[in-house]
Amino acid sequence: MKKRIYLLSSGSLERGQNTLVFNDGHNKRYIPVTDVGSIWVCGELDLNKRVLEFLSSNHISLHFLNFYGNYIGSYMPRRVYNSGTIVLKQAETYLDSKKRLKLAQKIVEGSLKNITVVLEYYISRGIDLAYERDVIDTLAFQDCTSVEELMGNEGNARSTYYSTFDKILGNNPSFTFEKRTRMPPTNPVNALLSFGNSLLYGTVLNEIYHTHLDPRIGFLHSTNGRKFSLNLDVSEIFKPLFVDRTIMSLINRSAITGADFMKELAGVYLNEPGRKKFLSEFEGKLATTINNRTLGRKVSYAELIRFELYKIEKHILDDKPYTPFVMRW
């Protein structure tokens, strides 16, 4: 898997012969393009058409987060893997309410099963979360007659899950969660969730561009005015692993503290040192390898995202039953 490069400060991105140069006004950072798959921009960035052409020719995507760490958009190079058949099958599955609901249910099932795995992990460490686990486990298999009902069901399950965070985090007064708040996040835990989810949305989008799937056509999230939907769908499956566990681990190890956040207007956000700490943990999680029984070899967690997309591709193309990824410790 190719590397992800993070530009946390403001500056300019230029082409230097066959490499990229990031200049923050104090130092120049040379970025070899041969092993880079994506660049993440957190500050203000100056660049020109020549740089974009160079990125496209090397199949490097550019993802933008705003000052507060929220995902705002991406520049994606021209796709290498194009298939009219897949796009038609995707659209057909989306337009067929029964087919769409069936696939959306599997995505939610995978998401909620992974949430219960996280809860089981902390139950095994003596935290009383059995009631919440059972509620979410029941909701994971509840029949729904529409995608809208399914989304509501998933929302109820996630609210129950979020109610466990304070107990999982040891009722830490510096990291009281209470409830999910967005735009702006009102406390450090919400700031971590928003930043982590933004990273995951872009990471999944990057992997979609290495398949024949069209990122604009999702199944759980409606295909509407938003530019991409499929990455939001698949991210739901992996949030418990890549985002939630990263946050819980950082806080419970005291690897991140109140000094890693800043207050701006009505919101709380990660500062640059805090983002570096999160990114180090996030990258470590993506690079972690596990034995894959199907392939008979070790694969990284990052590779699991692409395998998940291949499974969805086979489902809509060959009607092969889709089974979502579920974590095993």
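This briefing describes selected helices, strands, side-chain contacts and nonpolar cores of one structure.

The model is predicted: local features need pLDDT of at least 70, side-chain atom pairs count only at pLDDT 80 or more, and totals for chains, interfaces and linings use all residues. Residues are numbered from 1 along each chain as its sequence is written, and side-chain values use heavy atoms, with hydrogens and water left out. Helices (H or I, at least four residues) and strands (E, at least two) are DSSP runs numbered from the N terminus.

**Nonpolar cores**

- The largest nonpolar core has 76 residues, of which Y161, L199, F238, F242 and F278 touch the most other members; helix α3 gives the most to this core, with twelve residues.
- Apart from it lies another core of 16 residues, including L20, F22, I31 and F54.
- A nonpolar core is a set of buried Ala, Val, Leu, Ile, Met, Phe, Trp, Tyr and Cys residues joined through side-chain atoms within 4.5 Å; buried means under 20% relative accessible area, with a 1.4 Å probe and protein chains only.
- Leaving aside neighbours within four places in sequence, F278 is in contact (heavy atoms within 4.5 Å) with L192, F195, G196, L199, T246, I247, L250 and L270.

**Helix α5**

- Helix α5 spans residues 147-162 and has 16 residues. Its reach from first C-alpha to last is 22 Å, close to the 22 Å expected at 1.5 Å a residue, where the expected span is 1.5 Å times one less than the number of residues.
- The buried residues of α5 are V147, L150, N153, E154, A157, R158, T160, Y161 and Y162.
- These buried residues pack against α3 (97-123), α4 (130-140), α6 (165-168), α7 (188-208) and α8 (230-252).

**Strand β7 and its partners**

- Four of the five residues of strand β7 (residues 61-65) are buried, so the strand is largely enclosed by the rest of the structure.
- Strand β5 (residues 36-41) runs parallel to β7 and is joined to it by four bridges; strands pair if DSSP finds at least two bridges between them. S38 has S61 in β7 as its bridge partner.
- Four bridges also join β7 to strand β8 (residues 71-75), and these two run antiparallel. F64 stands opposite G73 in β8.
- A hairpin is formed by β7 and β8 with five residues between them, and G69 in the turn has a positive phi of about 90°.

**Cysteines and a polar contact**

- The structure holds zero disulfides, a disulfide being a pair of cysteine sulfur atoms within 2.5 Å.
- C42 is buried at 5% relative accessible area, and C144 is buried at 8% relative accessibility.
- S249 lies in helix α8 and is buried, with a relative accessible area of 16%.
- The side chains of S249 and E281 are joined by a polar contact of 3.3 Å.
- A polar contact is a pair of N or O atoms within 3.5 Å; within protein, one must be able to donate a hydrogen and the other to accept it, and residues adjacent in sequence count only if both atoms are side-chain atoms.

Terms used: Buried means under 20% relative accessible area, exposed over 50%, partly exposed in between (1.4 Å probe, protein chains only).
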